[in-house]
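These are my notebook entries on a structure that I had not looked at before. I set down what I looked up, in the order in which I looked it up.

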Amino acid sequence: MTYFLQQSLNALQLGSIYALIALGYTLVYGVLRLINFAHGDLFMVGAFLSLVAGSLLGLPAGVVFVLAVLGTAVLAVLIERVAYRPLRDAPRVSAVITALACGLILEHVVLLISPYPQHVPPLFRVTNFSLGGVVISSLQILIVGIALVLMCGLDWIFRRSLLGIAMRAIAKDMKTLPLIGVPVNRVVAAAFLLGGGLGGAAGMMYGQAYPVIEPYMGIMVGWKAFIAAVVGGIGNIRGAMLGGYILGTVEIAVVAFFPSTYRDFVAFTLLVVLLIVRPTGLLGVEEVQKV
Amino acid sequence: MMRVPSAAILWRRHRTPTLAGLILLGAMLSFGIPRFGLINEYWQFILITIGINVILALALNLVNGFMGEFSVGHAGFMAAGAYIAAMGTSRWFPADPALVFPFAVILGGLGASVLGLVIAILAFKTSGDYLAIVTLAFLMIVKSVLENIDAVGGPRGLLGIVPLTTLPWVCGWVLLSIWVIRNLVYSRFGRGIMAVREDVVAANLVGVHTREVKILAFVVSAFFTGVAGGLFAHLLQFINPRMFDIIKSTEMLVMVYLGGMGSIAGSILGASVFTVMMELLRPLAAWRMVVMPLILVLLMLFRPRGIMGLTELACFKPREELPTPPAALPPAALPPVP
């Protein structure tokens with residue numbers, strides 16, 4: 001039982017990180033119907049920013065967090081401005097290709113700076129609490145707590161605020177919105193800002209929880225988070241959170257009960273089965289195609 | 001004034017002899033270059049790589065370009081083809097690899113297409129971004145399975161594959177894949193493929209069996225990807241599961257979209273330009289992988305539809321779709337003398 005609870009905690013921690021990244025994918029997709037393939041690499045940049053700010057500059061944890069979030073958010077907006085916005089009227093795949101290319105650029109620029117995997121020193125003293133045999137670290141509480149706060153905030157923005165309404169409106173009809181005075185470009189930039197920021201936060205958390213980071217780590221984690229977004233129903237904020245936690249749970253469960261080399265195999269097979277049973281994801285709504 | 005006939009019209013007039021001549025020239029060069037050492041081995045290697053990449057790009061273009069679906073898992077089919085073919089020549093029939101090689105490559109292609117069939121049946125319950133996910137998951141599953149089978153070397157990979165991929169073989173396979181895919185695309189069936197791209201619902205309404213069309217196109221695409229994998233394995237002499245990851249799929253996507261979706265000439269151009277560009281950028285060392293995507297972004301910004309766009313060179317179009325040559329004009333009648 002304690003083993004089970006311990007693993008559930010690990011699942012919660014991993015799931016929070018996946019959910020934060022998945023939100024970045026789903027936010028951009030929900031607004032632009034674009035898969036931002038560079039998002040996984042933004043997450044990686046977030047991890048490296050936290051490393052630079054934390055151990056090279058020696059800043060305190062809170063400042064590092066803000067820097068990582070701001071840095072990746074600004075980078076996301078920059079990428080949108082340079083590589084996606086000019087292609088908004090082009091075929092969808094052109095933006096996909098620039099997205100993939102931006103991801104490659106980010107990976108290899110970081111690779112130039114840091115050719116080897118880097119160890120991330122902890123930013124604060126982690127204390128462990130024991131609760132009936134289950135060990136909970138303050139880091140786990142922080143990660144899950146911050147992730148939940150960020151997610152609830154985003155959910156509120158998307159559902160209730162004027163910005164969120166504008167975002168959902170853009171997803172419905174981008175052509176007529178400027179006519180009623182919605183600054184489309186600024187709203188899209190805001191979506192990238194929020195998504196990138198969440199990715200950066202996830203990157204910093206990942207660095208603290210699994211303290212070896214390398215330039216290619218964004219590929220695998222990013223794609224997995226993307227899958228989490230799709231499982232939840234892409235474009236759906238709550239779906240992305242649900243998907244993230246499901247993916248985290250599945251991965252931890254596989255590692256807990258099988259050899260760890262089967263992790264990806266089992267995780268992905270389950271996801272395929274899930275998608276075949278529910279092709280639009282768990283919370284997704286089927287779009288009716290009009291001729 | 002004499003009208004200068006356009007290239008398309010010229011092509012229509014002299015199609016068969018030109019085609020035969022070009023194929024003959026290609027065959028002669030592919031045999032002659034290694035035989036007489038016309039270019040050094042490095043450039044031969046690049047030529048072979050271009051050939052393999054052309055097959056990959058053509059195959060992926062069938063699904064992603066002509067049919068408008070989005071598969072990111074084609075590296076998985078390539079891995080299947082590479083592993084099956086390599087096992088064929090180096091483990092199952094090691095007695096005479098050179099004799100087994102063509103069959104092993106075909107077997108690799110068939111193995112990949114069987115996988116393609118399974119994936120297609122599962123995946124085409126969904127479409128669009130969800131298809132991307134199913135194919136992506138497939139790629140991960142293939143990689144994970146290969147890493148867990150000791151008989152194929154697990155994560156270490158398969159070593160000691162005999163170098164059998166020569167220029168003539170690659171040239172032959174390139175021609176075959178161009179021929180098959182070109183004829184498929186312009187067949188009745190191929191019209192169905194393009195109808196799926198334009199509008200699935202409408203295609204259904206006019207009687208296209210969209211599900212069958214999608215599955216068959218996917219299987220053909222998987223076959224040629226597997227073949228390319230077999231050739232790739234016998235070129236490098238060493239394969240491991242990490243070679244066939246998402247980066248490989250990304251490369252294929254880049255070649256297709258760089259050349260232009262739904263264009264055979266585009267795929268050939270895209271694969272060639274991409275391969276040569278990667279080689280030319282080699283002196284930049286680590287900067288190469290920064291400069292290459294940068295060039296790609298710039299290209300997309302200025303030519304969002306790729307080099308060829310959705311257009312096709314005249315030489316790949318069927319005769320009926322070319323402009324007709326102008327009929328010889330009768331000599332202009334002289335104005336009547338009053």
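I began with B:Ile55, which I found in helix α3 (residues 41-66) of chain B; helices here are DSSP runs of H or I with at least four residues, and they are numbered from the N terminus. I note that this is a predicted model, in which local features need pLDDT of at least 70, side-chain atom pairs count only at pLDDT 80 or more, and totals for chains, interfaces and linings use all residues. Residues are numbered from 1 along each chain as its sequence is written, while chains are lettered from A and ligands numbered from 1 in the order in which they are written.

Why does B:Ile55 count as buried? I found 27 other C-beta atoms within 10 Å of B:Ile55, and a residue is buried if 20 or more lie within that distance, with C-beta atoms placed from the backbone.

Next I looked up its contacts (C-beta atoms within 7 Å). Leaving aside residues up to four places away in sequence, B:Ile55 touches B:Trp173, B:Val174, B:Ser177, B:Phe224, B:Val227 and B:Ala228. I also noted that B:Ile55 and B:Leu175 are 120 residues apart in sequence and 9.1 Å apart in space, C-alpha to C-alpha.

I then turned to B:Ala137, which touches A:Ile227, A:Phe268, A:Leu271 and A:Val272, again not counting residues up to four places away in sequence.

Finally I looked up the contact between the chains, which takes 35 residues from chain B and 37 residues from chain A. On the side of chain B that touches chain A, the largest share, twelve residues, comes from α6(B).

Note on methods: Two residues are in contact if their C-beta atoms, placed from the backbone, lie within 7 Å. Helices (H or I, at least four residues) and strands (E, at least two) are DSSP runs, numbered from the N terminus. A residue is buried if 20 or more other C-beta atoms lie within 10 Å of its own, exposed if 12 or fewer, and partly exposed in between; C-beta atoms are placed from the backbone.
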